[in-house]
Amino acid sequence: MERKRVFSGIQPTGIIHLGNYVGAIKNWVTLTKEYDCIFCVVDYHAITVQQDPEAFQQGILRAANTLIACGTTPECCTLFVQSHVREHTELAWIFNCLTPIGDLERMTQFKDKSQQHRDNINAGLLTYPLLQAADILLYRAQIVPVGEDQVQHIELTRRTARRFNSRFGETFPEPDWLLSQTPRIMGTDGKTKMSKSLGNEIGILEPPEAIWEKLRTATTDENRIRRTDPGNPDICNLYTMHKAFSPAETIAVVNVQCRSAEIGCIDCKKMLHENIMRELAPIQARAAEGERNPGYVRGVLRQGAEKCRALAAPLMQDVRAKMGLPGE
Ligand code: SF4
(Lines give C-alpha, C1' and ligand atoms only; values in the text may rest on other atoms or scores of the structure.)
Protein backbone atom coordinates (compact mmCIF):
# COMPACT_ATOMS: atom_id res chain seq x y z
CA MET A 1 0.00 0.00 0.00
CA GLU A 2 1.30 3.48 -0.87
CA ARG A 3 2.36 5.45 2.16
CA LYS A 4 0.70 8.81 2.84
CA ARG A 5 2.92 11.82 2.24
CA VAL A 6 3.98 14.20 5.01
CA PHE A 7 5.45 17.65 4.39
CA SER A 8 6.98 19.98 6.95
CA GLY A 9 9.55 22.77 7.00
CA ILE A 10 11.81 24.68 9.35
CA GLN A 11 13.31 28.14 8.93
CA PRO A 12 17.11 28.35 8.90
CA THR A 13 17.20 31.35 11.22
CA GLY A 14 19.04 31.13 14.50
CA ILE A 15 20.03 27.85 16.04
CA ILE A 16 17.86 24.78 16.44
CA HIS A 17 16.84 24.72 20.09
CA LEU A 18 15.16 22.32 22.48
CA GLY A 19 11.74 23.79 21.63
CA ASN A 20 12.22 23.00 17.91
CA TYR A 21 13.64 19.59 18.72
CA VAL A 22 10.89 18.44 21.07
CA GLY A 23 8.01 20.23 19.32
CA ALA A 24 8.86 19.28 15.74
CA ILE A 25 12.05 17.46 14.79
CA LYS A 26 11.77 14.51 17.16
CA ASN A 27 8.26 13.96 15.86
CA TRP A 28 9.47 14.20 12.25
CA VAL A 29 11.89 11.35 12.85
CA THR A 30 9.09 9.21 14.31
CA LEU A 31 6.84 9.99 11.33
CA THR A 32 9.44 8.67 8.88
CA LYS A 33 8.67 5.15 10.13
CA GLU A 34 5.11 5.34 8.85
CA TYR A 35 4.96 7.99 6.11
CA ASP A 36 6.69 9.16 2.97
CA CYS A 37 8.23 12.27 4.52
CA ILE A 38 9.51 15.38 2.79
CA PHE A 39 11.25 17.91 5.04
CA CYS A 40 12.38 21.29 3.89
CA VAL A 41 14.69 24.06 5.05
CA VAL A 42 12.38 26.94 4.13
CA ASP A 43 14.85 29.67 3.23
CA TYR A 44 12.36 31.69 1.15
CA HIS A 45 10.17 32.02 4.25
CA ALA A 46 13.10 33.36 6.22
CA ILE A 47 13.66 36.35 3.92
CA THR A 48 10.47 38.06 5.09
CA VAL A 49 12.93 39.47 7.62
CA GLN A 50 16.29 40.90 6.54
CA GLN A 51 19.19 38.44 6.48
CA ASP A 52 22.93 38.91 6.22
CA PRO A 53 23.68 36.93 3.02
CA GLU A 54 26.82 35.20 4.23
CA ALA A 55 25.48 34.26 7.65
CA PHE A 56 22.21 33.19 6.03
CA GLN A 57 23.96 30.76 3.70
CA GLN A 58 25.90 29.25 6.60
CA GLY A 59 22.70 29.05 8.63
CA ILE A 60 20.97 27.03 5.88
CA LEU A 61 23.78 24.47 5.80
CA ARG A 62 23.95 24.37 9.61
CA ALA A 63 20.20 23.78 9.87
CA ALA A 64 20.37 20.95 7.33
CA ASN A 65 23.35 19.39 9.10
CA THR A 66 21.54 19.55 12.46
CA LEU A 67 18.40 17.96 10.98
CA ILE A 68 20.43 15.11 9.51
CA ALA A 69 22.21 14.64 12.86
CA CYS A 70 18.79 14.44 14.55
CA GLY A 71 17.77 11.58 12.26
CA THR A 72 16.16 13.01 9.11
CA THR A 73 18.65 11.06 7.01
CA PRO A 74 18.31 10.25 3.30
CA GLU A 75 17.72 6.61 4.25
CA CYS A 76 14.33 7.43 5.77
CA CYS A 77 13.10 10.72 4.22
CA THR A 78 13.73 13.50 1.73
CA LEU A 79 15.47 16.66 2.93
CA PHE A 80 16.01 19.67 0.70
CA VAL A 81 16.27 23.45 0.59
CA GLN A 82 13.16 25.29 -0.60
CA SER A 83 14.96 27.69 -2.99
CA HIS A 84 16.51 24.72 -4.83
CA VAL A 85 13.06 23.89 -6.23
CA ARG A 86 11.78 26.95 -8.11
CA GLU A 87 8.27 25.58 -8.50
CA HIS A 88 7.51 26.63 -4.90
CA THR A 89 7.49 30.32 -5.78
CA GLU A 90 5.75 29.72 -9.11
CA LEU A 91 2.85 27.93 -7.46
CA ALA A 92 2.77 30.53 -4.67
CA TRP A 93 2.32 33.28 -7.27
CA ILE A 94 -0.61 31.40 -8.81
CA PHE A 95 -2.19 31.04 -5.37
CA ASN A 96 -1.61 34.76 -4.75
CA CYS A 97 -3.78 35.47 -7.77
CA LEU A 98 -6.57 33.18 -6.56
CA THR A 99 -6.78 34.35 -2.95
CA PRO A 100 -8.81 37.31 -1.68
CA ILE A 101 -6.54 39.66 0.26
CA GLY A 102 -8.95 39.60 3.22
CA ASP A 103 -8.13 35.89 3.76
CA LEU A 104 -4.50 36.85 4.34
CA GLU A 105 -5.16 39.92 6.46
CA ARG A 106 -7.12 37.74 8.88
CA MET A 107 -4.11 35.53 9.65
CA THR A 108 -3.13 35.88 13.29
CA GLN A 109 0.56 35.42 12.48
CA PHE A 110 0.46 38.31 10.02
CA LYS A 111 -0.97 40.55 12.73
CA ASP A 112 1.65 39.36 15.24
CA LYS A 113 4.59 39.62 12.84
CA SER A 114 3.62 43.05 11.58
CA GLN A 115 3.66 44.17 15.22
CA GLN A 116 7.10 42.61 15.74
CA HIS A 117 8.60 44.02 12.52
CA ARG A 118 7.00 47.46 12.31
CA ASP A 119 9.98 48.79 10.36
CA ASN A 120 9.68 46.11 7.67
CA ILE A 121 6.04 45.14 7.03
CA ASN A 122 6.68 43.77 3.56
CA ALA A 123 4.21 42.04 1.22
CA GLY A 124 5.94 38.71 1.89
CA LEU A 125 4.80 38.84 5.53
CA LEU A 126 1.22 39.00 4.28
CA THR A 127 1.48 36.39 1.53
CA TYR A 128 3.83 33.84 3.08
CA PRO A 129 0.94 31.53 4.11
CA LEU A 130 0.36 31.04 0.37
CA LEU A 131 4.01 30.09 -0.10
CA GLN A 132 3.41 27.62 2.70
CA ALA A 133 0.31 26.34 0.86
CA ALA A 134 2.44 25.94 -2.28
CA ASP A 135 5.14 24.05 -0.31
CA ILE A 136 2.56 21.53 0.84
CA LEU A 137 0.37 21.23 -2.25
CA LEU A 138 3.30 21.01 -4.68
CA TYR A 139 3.93 17.51 -3.35
CA ARG A 140 0.25 16.66 -2.82
CA ALA A 141 1.09 16.10 0.84
CA GLN A 142 -1.79 14.66 2.87
CA ILE A 143 -0.45 15.30 6.36
CA VAL A 144 1.29 18.35 7.80
CA PRO A 145 2.68 18.15 11.36
CA VAL A 146 2.24 21.57 12.97
CA GLY A 147 2.03 23.43 16.23
CA GLU A 148 -1.32 24.98 17.18
CA ASP A 149 -0.21 28.39 15.93
CA GLN A 150 0.00 27.01 12.37
CA VAL A 151 -3.46 25.41 12.16
CA GLN A 152 -4.96 28.57 10.65
CA HIS A 153 -2.43 28.35 7.82
CA ILE A 154 -3.32 24.74 7.07
CA GLU A 155 -6.98 25.74 6.95
CA LEU A 156 -5.98 28.36 4.37
CA THR A 157 -4.06 25.67 2.46
CA ARG A 158 -7.18 23.51 2.39
CA ARG A 159 -9.28 26.43 1.16
CA THR A 160 -6.67 27.20 -1.51
CA ALA A 161 -6.72 23.58 -2.73
CA ARG A 162 -10.54 23.66 -2.83
CA ARG A 163 -10.57 26.97 -4.68
CA PHE A 164 -8.14 25.72 -7.32
CA ASN A 165 -9.88 22.37 -7.71
CA SER A 166 -13.34 23.89 -8.14
CA ARG A 167 -12.09 26.35 -10.74
CA PHE A 168 -9.70 24.20 -12.76
CA GLY A 169 -10.54 20.59 -11.89
CA GLU A 170 -9.42 18.13 -9.22
CA THR A 171 -5.67 18.65 -8.70
CA PHE A 172 -4.75 18.95 -5.03
CA PRO A 173 -5.75 16.86 -2.00
CA GLU A 174 -6.81 18.84 1.08
CA PRO A 175 -4.11 18.11 3.66
CA ASP A 176 -4.83 17.35 7.30
CA TRP A 177 -2.82 18.87 10.10
CA LEU A 178 -1.25 16.67 12.72
CA LEU A 179 -0.85 18.38 16.06
CA SER A 180 2.26 17.57 18.04
CA GLN A 181 1.40 15.45 21.10
CA THR A 182 4.47 16.59 23.02
CA PRO A 183 4.08 19.28 25.65
CA ARG A 184 5.32 22.70 24.60
CA ILE A 185 8.67 23.66 26.07
CA MET A 186 8.95 27.30 27.02
CA GLY A 187 12.13 29.38 27.14
CA THR A 188 14.44 29.45 30.16
CA ASP A 189 12.30 32.29 31.56
CA GLY A 190 9.49 29.71 31.83
CA LYS A 191 6.98 32.15 30.35
CA THR A 192 7.55 32.79 26.66
CA LYS A 193 8.06 30.52 23.66
CA MET A 194 11.66 29.36 23.31
CA SER A 195 13.27 31.64 20.75
CA LYS A 196 16.73 32.98 19.98
CA SER A 197 15.31 36.46 19.42
CA LEU A 198 14.05 36.43 23.03
CA GLY A 199 17.41 35.15 24.32
CA ASN A 200 15.73 32.32 26.27
CA GLU A 201 16.77 29.38 24.10
CA ILE A 202 18.87 26.28 24.76
CA GLY A 203 20.53 25.21 21.51
CA ILE A 204 20.70 21.48 20.95
CA LEU A 205 24.32 21.73 19.81
CA GLU A 206 25.51 23.80 22.76
CA PRO A 207 28.26 22.23 24.91
CA PRO A 208 27.06 20.36 28.03
CA GLU A 209 28.45 23.07 30.36
CA ALA A 210 26.56 25.82 28.51
CA ILE A 211 23.34 23.79 28.65
CA TRP A 212 23.85 23.18 32.36
CA GLU A 213 24.40 26.89 33.00
CA LYS A 214 21.13 27.71 31.24
CA LEU A 215 19.23 25.01 33.12
CA ARG A 216 20.79 26.00 36.44
CA THR A 217 19.49 29.54 36.13
CA ALA A 218 16.18 28.66 34.44
CA THR A 219 12.94 29.76 36.10
CA THR A 220 11.08 27.02 38.00
CA ASP A 221 7.84 27.20 39.99
CA GLU A 222 8.22 30.81 41.15
CA ASN A 223 6.18 30.16 44.30
CA ARG A 224 8.87 27.79 45.50
CA ILE A 225 11.18 30.26 47.18
CA ARG A 226 12.89 28.13 49.86
CA ARG A 227 14.19 24.58 49.44
CA THR A 228 11.61 23.47 52.03
CA ASP A 229 8.65 24.95 50.11
CA PRO A 230 6.56 22.35 48.28
CA GLY A 231 6.55 22.94 44.52
CA ASN A 232 4.03 22.44 41.77
CA PRO A 233 5.51 20.58 38.79
CA ASP A 234 2.42 21.30 36.69
CA ILE A 235 3.47 24.93 36.38
CA CYS A 236 7.19 24.29 36.08
CA ASN A 237 8.84 24.35 32.65
CA LEU A 238 11.64 22.11 33.93
CA TYR A 239 9.09 19.40 34.67
CA THR A 240 7.79 19.75 31.10
CA MET A 241 11.37 19.18 29.95
CA HIS A 242 11.58 16.09 32.16
CA LYS A 243 8.47 14.79 30.37
CA ALA A 244 10.30 15.18 27.06
CA PHE A 245 13.69 13.75 28.07
CA SER A 246 13.50 11.64 31.23
CA PRO A 247 12.37 8.04 31.70
CA ALA A 248 8.88 7.45 33.13
CA GLU A 249 10.13 6.52 36.60
CA THR A 250 12.14 9.77 36.91
CA ILE A 251 9.11 11.81 35.82
CA ALA A 252 6.99 10.06 38.46
CA VAL A 253 9.61 10.61 41.19
CA VAL A 254 10.00 14.31 40.36
CA ASN A 255 6.22 14.73 40.35
CA VAL A 256 5.90 13.31 43.88
CA GLN A 257 9.10 14.65 45.44
CA CYS A 258 8.63 18.18 44.09
CA ARG A 259 5.20 18.42 45.73
CA SER A 260 6.53 17.07 49.05
CA ALA A 261 9.73 19.19 48.89
CA GLU A 262 11.85 16.03 49.09
CA ILE A 263 13.82 17.12 46.05
CA GLY A 264 15.39 20.52 45.56
CA CYS A 265 15.34 22.33 42.23
CA ILE A 266 19.09 22.03 41.71
CA ASP A 267 19.02 18.23 42.11
CA CYS A 268 15.98 18.08 39.86
CA LYS A 269 17.82 20.12 37.23
CA LYS A 270 20.94 17.92 37.52
CA MET A 271 18.85 14.84 36.74
CA LEU A 272 17.27 16.66 33.83
CA HIS A 273 20.63 17.79 32.48
CA GLU A 274 21.91 14.22 32.57
CA ASN A 275 18.90 12.95 30.64
CA ILE A 276 19.00 15.76 28.09
CA MET A 277 22.70 15.16 27.43
CA ARG A 278 22.16 11.41 27.11
CA GLU A 279 19.83 12.14 24.20
CA LEU A 280 21.77 15.04 22.70
CA ALA A 281 25.31 13.60 22.91
CA PRO A 282 24.98 11.30 19.87
CA ILE A 283 23.25 14.09 17.92
CA GLN A 284 26.08 16.49 18.78
CA ALA A 285 28.67 13.90 17.71
CA ARG A 286 26.92 13.36 14.35
CA ALA A 287 26.57 17.13 13.83
CA ALA A 288 30.30 17.61 14.51
CA GLU A 289 31.03 14.90 11.94
CA GLY A 290 28.75 16.69 9.42
CA GLU A 291 30.54 19.99 10.04
CA ARG A 292 33.81 18.32 9.20
CA ASN A 293 32.24 16.99 6.03
CA PRO A 294 30.03 19.71 4.48
CA GLY A 295 30.26 17.91 1.11
CA TYR A 296 28.12 15.14 2.54
CA VAL A 297 25.44 17.58 3.75
CA ARG A 298 25.41 19.36 0.38
CA GLY A 299 25.11 15.97 -1.34
CA VAL A 300 22.06 15.05 0.78
CA LEU A 301 20.43 18.38 -0.11
CA ARG A 302 21.25 17.99 -3.80
CA GLN A 303 19.75 14.51 -3.85
CA GLY A 304 16.65 15.78 -1.99
CA ALA A 305 16.19 18.68 -4.41
CA GLU A 306 16.47 16.37 -7.44
CA LYS A 307 13.80 14.11 -6.04
CA CYS A 308 11.52 17.06 -5.25
CA ARG A 309 12.02 18.65 -8.68
CA ALA A 310 11.00 15.35 -10.26
CA LEU A 311 7.76 15.47 -8.23
CA ALA A 312 7.13 19.20 -8.72
CA ALA A 313 7.72 19.47 -12.48
CA PRO A 314 4.84 17.25 -13.69
CA LEU A 315 2.50 18.77 -11.10
CA MET A 316 3.29 22.28 -12.37
CA GLN A 317 2.86 21.16 -15.97
CA ASP A 318 -0.60 19.93 -15.06
CA VAL A 319 -1.38 23.20 -13.21
CA ARG A 320 -0.20 25.36 -16.11
CA ALA A 321 -2.13 23.30 -18.67
CA LYS A 322 -5.34 23.50 -16.61
CA MET A 323 -4.95 27.29 -16.29
CA GLY A 324 -4.24 27.84 -19.98
CA LEU A 325 -0.63 28.89 -19.45
CA PRO A 326 1.14 27.80 -22.62
CA GLY A 327 3.78 25.08 -22.39
CA GLU A 328 7.16 25.54 -24.03
FE1 SF4 B 1 10.47 22.42 38.94
FE2 SF4 B 1 11.90 20.31 39.63
FE3 SF4 B 1 11.95 22.53 41.11
FE4 SF4 B 1 9.79 21.01 41.05
S5 SF4 B 1 11.77 20.41 41.83
S6 SF4 B 1 9.83 23.26 40.90
S7 SF4 B 1 9.77 20.28 38.92
S8 SF4 B 1 12.70 22.31 39.03
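Me: What volume of space lies in the largest cavity?
Reply: The largest cavity holds about 120 Å³ of space. A volume is the space filled by probe spheres set on grid points, which are joined across faces, edges and corners. The model is a predicted one, in which local features need pLDDT of at least 70 and side-chain atom pairs count only at pLDDT 80 or more, while totals for chains, interfaces and linings use all residues. Residues are numbered from 1 along each chain as its sequence is written, and side-chain values use heavy atoms, with hydrogens and water left out.

Me: What makes a space a cavity rather than a pocket, and how many cavities of 30 Å³ or more are counted?
Reply: On a 1 Å grid over the protein atoms alone, a cavity is a set of points where a 1.4 Å probe fits but cannot get out, whereas a pocket is an open set with protein on both sides within 12 Å along at least five of seven lines. One cavity of 30 Å³ or more is counted.

Me: Which residues line the largest cavity nearest its centre, and which helix gives the most to the lining?
Reply: A lining residue has an atom within 4 Å of a point. The lining of the largest cavity has 14 residues, and Arg-224, Cys-236, Cys-258, Cys-265 and Cys-268 lie nearest the centre. Helix α12 gives the most, with three residues; α10 (237-245), α11 (248-259) and α12 (265-292) each supply at least two. Helices (H or I, at least four residues) and strands (E, at least two) are DSSP runs numbered from the N terminus.

Me: What makes residues of this lining nonpolar, polar or charged?
Reply: Ala, Val, Leu, Ile, Met, Phe, Trp, Tyr, Cys and Pro count as nonpolar, Asp, Glu, Lys and Arg as charged, and the others, Gly among them, as polar. The lining of the largest cavity divides into nine nonpolar, two polar and three charged residues.

Me: Why does Gln-116 count as exposed?
Reply: Exposed means over 50% relative accessible area, buried means under 20%, and partly exposed lies in between (1.4 Å probe, protein chains only). Gln-116, in helix α6 (residues 108-116), has 58% relative accessibility and therefore counts as exposed.

Me: Why is Asn-96 called partly exposed, and why is Ala-261 called buried?
Reply: Asn-96 lies in helix α4 (residues 87-98). Its relative accessibility is 25%, so Asn-96 counts as partly exposed. Ala-261 lies in the loop between α11 and α12; because its relative accessible area is 14%, Ala-261 is buried.

Me: Where is helix α1 kinked?
Reply: The kink in α1 (residues 18-31) is centred on Ala-24 and amounts to about 35°. The bend at a residue is the angle between axes fitted to the seven residues ending there and the seven starting there. Helix α1 reaches 19 Å, close to the 20 Å expected.

Me: What makes β2 and β3 a pair?
Reply: Two strands pair if DSSP finds at least two bridges between them. Strand β2 (residues 36-41) and β3 have four bridges in the parallel sense, and Phe-39 stands opposite Leu-79 in β3. Strand β3 (residues 78-81) is covered on both faces, with Thr-78 and Phe-80 buried on one side and Leu-79 and Val-81 buried on the other.

Terms used. Expected span 1.5 Å × (residues − 1).
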